[in-house]
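Subject: Structure handover

Hi,

Here is the structure you asked about. Please open it alongside this note and follow along.

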Amino acid sequence: MLRYVASKFFYMLVSLFILISATFFLMKAIPGDPFMGEKKPSPEILARLMEQYDLDKPLFQQYTKYLGNIVQGDFGLSMKKQGQSVTDIIVDTFGPSLRLGLIAIVVSVIVGVLLGMLAALYHRKLIDNIAMIVSVLGIAVPSFVLASLLQYLLAEKAGIFNVMGFEGPLDYVLPVMALSAQPIAFIARLTRSSMLEVLHSDYIKTAKAKGLNWFAIMFRHVIRNGILPVVTYVGPMTANIITGSVVIEQIFGIGGIGKQFVESITNRDYTVIMGITIFYGILLMLARFITDIVYIFVDPRIKLTGGKER
Amino acid sequence: MKKHKKLLLLMTLILAFSSVLAACGADKNEGADNGGTDKPKEQVFRMNLASDPPTLDPGLAQDNTSNTVISSVFEGLVRKGADGTEEQGVAEKWDISEDGLKYVFTLRQDAKWSNGDPVTAKDFEYAWKRVLDPNFTPASPYAYQLYYIKNAEAYNLGDIKDANEVGVKATDDYTLEVTLENPTPYFLSLMSFQTYFPVHSSVEGNASWATKPDTLIGNGPFKVSQMTKGQKIELVKNDQYWDKDSIKLEKVQMSIVNSSATELSSYRNDELDYAGHPTGNIPTDQLSAIKKELGDELMIKGISSTYFYIFNTTEEPFDNVNIRKAFSMAIDRKAIVEKITQGGQIPAFGFVPPGIKGESDEYRTEVPDTYFQENLEEAKKLLEQGMKEKGYTTLPEVTLIHNSDDNHKKIALAISDMWKNNLGVNVKVQNQEWGVFLKNRTDLNYQIARSGWGADYNDPMTYIDMWTSNGGNNDTGFKNEEYDKLVKDAYATSDNAKRMELMSKAEKILVQDNQVVMPIYYYSSVSLVKPWVKNLHLDYKGDIDFTRAYIE
């Protein structure tokens, strides 16, 4: 186990290094600089700004200096938002994205799994059909369309919610709905198909024949096995959702990290682009890592062979 | 077995509906203090910013959003009145010397910072020299706004080392003496421009002072009480402000949403009192619906900004003036403003927009923009003539670039269509990401490019001096000695009539004689204001002033 974890960890570091290097050089290859605008600074001021932010140095020197800084945990200052450090920006804006994301994940998993289970239990009956129509819609309708629709119907017309803002608990409802529709649909389908498979397997029949009570069969055997594909999906999904859905954040006016990321790219705010990319990278890798570990506990058939033979 | 399945079904249904029910139940409590769709009774003004202000440091700010917040949190020596004239700000009175080179401001003694300290002339001297300091980090991109002051440019560029040589001096706590490089008739109006605002001496050595409410000490009608990145900024009335009796609003709430659809939706849902220009947007494709439904709340006002295309005069085929003229004459500007932009824009045939002061009236009234006319026959003739001069049998391929944006795209496609129908030339339209676009324009890596320009100060010079041969924003390759001389002479004289004459001559060279720019329209500000908001003002360039507004 330890060996497995150590080797995973090592590969994570390697991927992170590649991610940092690739992003750094690709980012610098985009034309433009953080100080551009419809009204340009004078050449003298531009030159001074370039010097103050070390942008006048050769690219490779900038790169090694940057690597040196991040090893010491220094992500630098934003080049566009004066006086704000990259760390501050990440810390301040990750909170809202995380809160929204976690709620959306919990809602997606609970609703998705329940919906999938129902569909499997009522296989080819009305409930199954309804559940599957809902899930097809959920997958087919893009979140921004759903978001605008929800704003129009539930906020503007029905007056139940605010169109935007992120203050009271009510403000979470619409963004969570918009954000979780797609995962719900996906999880429901996954659960349904794997549950159907499990329900028709021999050991369930045996369990039924033994006269085990329904709850025991469902929770000990069916769900535990049926949920396996969902676990695989939930890991990466978690990382995707909590890193901030740009579209949802834009539409509902939520001060999340996704919005900052997009803005930083438009602004060529180099330090912020790098900082958030690294942060995202670490989150994604951790999510993968945890998924792998959880998998071992859910399914003992999976053997830990990764460390030695590779 | 069946029973259990039903139980599960029931559980799901309960779960699904509980959130909706909980939401409805909670709403009744919250709805009461929001007032629902009733008009709000509190003195709170709610507006939207399309993005976070990059900075609230007056010395560093250069964009509209930052300026909107800064102008309500800080106050300069004078402030802009509702009618555009200069009113008393921190300065009680001012004396201007006969030659227009020396200004003596007398500051009021009751002006205070939001922490209670008095605002003194030294704060102004400090703030201005701070911006000009060559070691100021990061360098202020708007430092050049202070270059009217004697030796300011030389000190900022490092040619003069001693800050005492800069022409600004606090002779005592309440007297500020300013000496200028050239007589500048609009210098007084610059005192309400953010770069000229004072800053509190506590900002020294604290690079992040303007990012946190407790270190952000201002001297304006409001102070920042809350800042949540990417989400909201809240201002409350500043009780230390000298003119606090004129301030009726208790609170200003600014949401930060970069979606015009959400902005409009929130406005309709009474979550905003103001939507649209200058800090937000109203979706153009909904304008006709808005005119019908919310006609009374729609506010359209011409602002001094120009929407235009520039020609790369160093690149074929636009190195020929007749071809440039032909392109400019062959489009229908009226159709563009009526069918596409729909927001009360005015077709432009000059470069300086209306709203800019001239000698005694508006410049555009004194100098009408009759530099050219739309004329298809003439355009065809000019194109033919230009092609003959260049020895073309067919026109080289032409590409028009614009930055990615729905409106720019619609306009570009319409114009290229007009060129095709009216001149028979094919023009490719290409959209580019903002940064890429700016880079290509700066590097003269284009043939025709979209452009826009708004005023920094209320004088035609803000549109004229950018086209000099070495102008940093002259992205056309246009170099004209006569033009440069006219601008230089206009700078040197204090005779306003002569200045206007020189600048109008320059504009004629730019538009009529050389057609370096192809003016399309003069911008307008399109916004929605709730009927209960009173005393809200937009100035000549469309900046919003809500400091004296109130809710009724």
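Helices here are DSSP runs of H or I with at least four residues, and strands are E runs of at least two. On that count, chain A has 14 helices and zero strands. Before you read further: this is a predicted model.

**Chain A**

Read from the N terminus, the elements of chain A go α-α-α-α-α-α-α-α-α-α-α-α-α-α. The C-alpha trace of chain A spans about 85 × 60 × 30 Å along its principal axes.

The unreviewed UniProt entry annotates "transmembrane region" on chain A at residues 9-30, 100-122, 129-152, 172-191, 237-258 and 270-298. I looked at two of these spans. Residues 100-122 of chain A are 96% helix and 0% strand. The end C-alpha atoms of that span are 32 Å apart. Residues 270-298 of chain A are 100% helix and 0% strand, with end C-alpha atoms 42 Å apart.

Now the charged pairs. Side chains of opposite charge can pair when their charged atoms come close. Over all chains, the structure holds 38 salt bridges. One of them joins A:Glu263 to A:Lys81, with the closest N and O atoms 2.6 Å apart. This pair links distant parts of the chain, 182 residues apart. A:Glu263 sits in helix H12 (residues 257-267) of chain A. A:Lys81 sits in the loop between helix H3 (59-71) and helix H4 (86-121) of chain A.

**Where chain B meets chain A**

How many residues of each chain are in contact? From chain B there are 69, and from chain A 58. The size of an interface is often given as the accessible area lost when the parts come together. Here chain B and chain A bury about 5,600 Å² between them. Carbon and sulfur atoms give 58% of that area.

Six salt bridges cross the interface of chain B and chain A. B:Asp475 forms a salt bridge with A:Lys40, and their closest N and O atoms are 2.5 Å apart.

Which elements of chain B each supply at least two residues to the side that touches chain A? They are helix H1 (2-34), strand S10 (251-256), helix H6 (260-268), helix H13 (434-442) and strand S16 (448-454). H1(B) gives the largest share, 13 residues. By type, this side of chain B divides into 26 nonpolar, 27 polar and 16 charged residues.

**Inside chain B**

Chain B is divided into domain 1 (42-259 + 529-549) and domain 2 (301-524). Their centres, taken over C-alpha atoms, are separated by 33 Å.

In chain B, 18 residues of domain 1 are in contact with 19 residues of domain 2. These two domains of chain B bury about 1,400 Å² between them, 52% of it on carbon and sulfur atoms. Three residues to look at are B:Tyr186, B:Tyr540 and B:Lys541. Together they supply 43% of the area that domain 1 of chain B buries against domain 2, more than any other three residues.

The side of domain 1 of chain B that touches domain 2 divides into 10 nonpolar, four polar and four charged residues.

Best wishes

Conventions
Residues numbered from 1 in each chain as written. Chains lettered and ligands numbered in written order. Predicted model: local features only at pLDDT ≥ 70, side-chain atom pairs only at ≥ 80, totals over all residues. Heavy atoms only, no water. Contact = heavy atoms within 4.5 Å. Buried area = accessible area lost by both parts, 1.4 Å probe. Salt bridge = Lys/Arg side-chain N within 4 Å of Asp/Glu carboxyl O. Nonpolar A, V, L, I, M, F, W, Y, C, P; charged D, E, K, R; others polar. UniProt positions renumbered as here; feature names shortened; annotations may be inferred. Domains from an automatic or database assignment.
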